[in-house]
Amino acid sequence: MALTLVTYPGNFRAFKALIAAEYAGVEIAVKDVDAKAAAKLSPTGKVPVLETPQGTIFESNAIARYVARLRSDADLYGRTFYESAVVDSWIDFCAHELELPCTLWVYPIIGYMPFSGPAYGKAKAHVSQALKTLDAHLLDKTYMVGEAMTLADITIASALVYPAKLAMDPKFRAQFPNVFRWFDLCVHQPQFVAVIGDVALAESEMKPEGASSAPQGGKKEAKKEKAPKKEKAKKEKAAAPPPAPAPKKVEHPLKILDKKSPSPLNGDEWKRTYKNNPPEVWKQKFWEMFDPKGWALWVCRFKYNHENEKQFMCANAIGGFVQRSDAMRKWAFGTMFVTGSEACLPIEISGCWLMRGDTVENLTEANDDALCYTWTKIDHTSAAGRALVEEYWTADVDGFLEGKLVTDGKLFL
Ligand SMILES: N[C@@H](CCC(=O)N[C@@H](CS)C(=O)NCC(=O)O)C(=O)O
């Protein structure tokens, strides 16, 4: 039977049906579409949508259930009528208690929605509560329901993939040891790996654009953290040896450059110009403002583009790249893009940056991911060089860049 799952590249809501299909031995083709095409396919205008010979099915859980039921001998929906109901309990729990707050936590990180301190605090607390419930349930169990993998495991683990990779740091995860023991078991199954690839757990919590370096976990959480710190500081002070002389403050090399050779191009002013004007205006203004003596333009290309297999991993990589470049905020501006997808190979990462000074060393100092790219200076005096810069700074998802379909993009503003 011909089945096609229509989705966005990297959509975690598509994972559950695809993983279930791996377990059940059901073949599903994947078609990545843009928002416009998606709107026509389902009554909600949202994806994923499964195209079947009888018609389409919308809502990711309905799709996953359909796939699981296609091959009842795979037992993904439990072995008894009762077990099926318990699988349903956990699928519903996942939709309401986990998936939703997880998106509110992770979407600002990947730039799908703006960051809001109070919403972040609430979402994180809600996720913690759900994980507490799960942790208690998994205390003496290998799988969520019965003795084998079911759609309950697949659905919940799929909802946790991005949060575990991007947001849940080791300290957070340590509160829920049973959950992450079980998660580890799930994501290492070959049926999971075939769909989601390798899941590298977050070493630190990625910060959304617009959040301070320590995001506001709601007032209560901030207060709770403050009191013990003060106590600790007092104790440490009493026991501490006399302070060593303060190290001499080392000034950022670009701060020194700003003092020694000020540039007529002010980075903040350029960013405002870009943000507040349509392309035809900022393009003209940029070339009037550009100071080739104090700044340089660069195109960067990922050195390992030939190894890219999953579009969503590349999308995560450029999200992380712009986050880690934060120390260059005053002295750099740029765009990073992913072109291509699993359905439209090759998948490639490239970007175009304006940077203070004549070298990319300051960026690699701030963000060592930059070492994984080749950096080529753009000749601003040539028409081709100018056109390349303008193309990179106007490109957008679903459009084209250097003749390739853009599937993700990030702006470093
Ligand atoms: N409850 C739906 C939610 C689907 C959903 O929100 N899909 C997102 C992609 S992850 C979407 O299509 N968003 C586009 C839009 O909201 O217009 C499901 O589980 O399928």
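This briefing walks through the domains, the ligand site, the salt bridges and some backbone features of the chain above. The model is predicted, so to speak of local features takes pLDDT of at least 70 and side-chain atom pairs count only at pLDDT 80 or more, while totals for chains, interfaces and linings use all residues. Residues are numbered from 1 along each chain as its sequence is written, and side-chain values use heavy atoms, with hydrogens and water left out.

**Domains 2 and 3**

- The domain assignment, automatic or from a database, gives domain 1 (4-73), domain 2 (75-196) and domain 3 (257-412).
- Taken over C-alpha atoms, the centres of domain 2 and domain 3 are 35 Å apart.
- Eight residues of domain 2 contact six residues of domain 3, where contact means heavy atoms within 4.5 Å.
- About 590 Å² is buried between domain 2 and domain 3, with carbon and sulfur atoms giving 45%; buried area is the accessible area (1.4 Å probe) that two parts lose on being put together, summed over both.
- On the domain 2 side, helix H6 (151-167) and helix H9 (190-196) each supply at least two of the residues touching domain 3; helices are DSSP runs of H or I with at least four residues, and strands are runs of E with at least two, numbered from the N terminus.

**Ligand site**

- Around the ligand sit Tyr-8, Asn-11, Arg-13, Lys-46, Val-47, Pro-48, Glu-59, Ser-60 and Tyr-107, each with a heavy atom within 4 Å of it.
- A backbone N or O atom of Val-47 is 2.8 Å from a ligand nitrogen atom.

**Salt bridges**

- The count is 16 salt bridges, each a side-chain nitrogen of Lys or Arg within 4 Å of a carboxyl oxygen of Asp or Glu.
- Arg-301 pairs with Glu-402 in a salt bridge, with the closest N and O atoms 2.9 Å apart.
- Arg-301 lies in strand S5 (residues 295-302) and Glu-402 in the loop between strand S9 (400-401) and strand S10 (404-412), so this pair ties together parts 101 residues apart in sequence.

**Backbone features**

- Most residues other than glycine have a negative phi, and most peptide bonds are trans.
- Val-47 and Pro-48 are joined by a cis peptide bond with omega about 10°.
- Another cis peptide bond joins Leu-345 and Pro-346, with omega about 0°; Pro-346 lies in strand S7 (residues 344-356).
- Glu-59, not a glycine, has a positive phi of about 75°.
- Glu-402 has a positive phi too, about 50°.

Notes: Polar contact = N/O pair within 3.5 Å; in protein donor to acceptor, adjacent residues only side chain to side chain.
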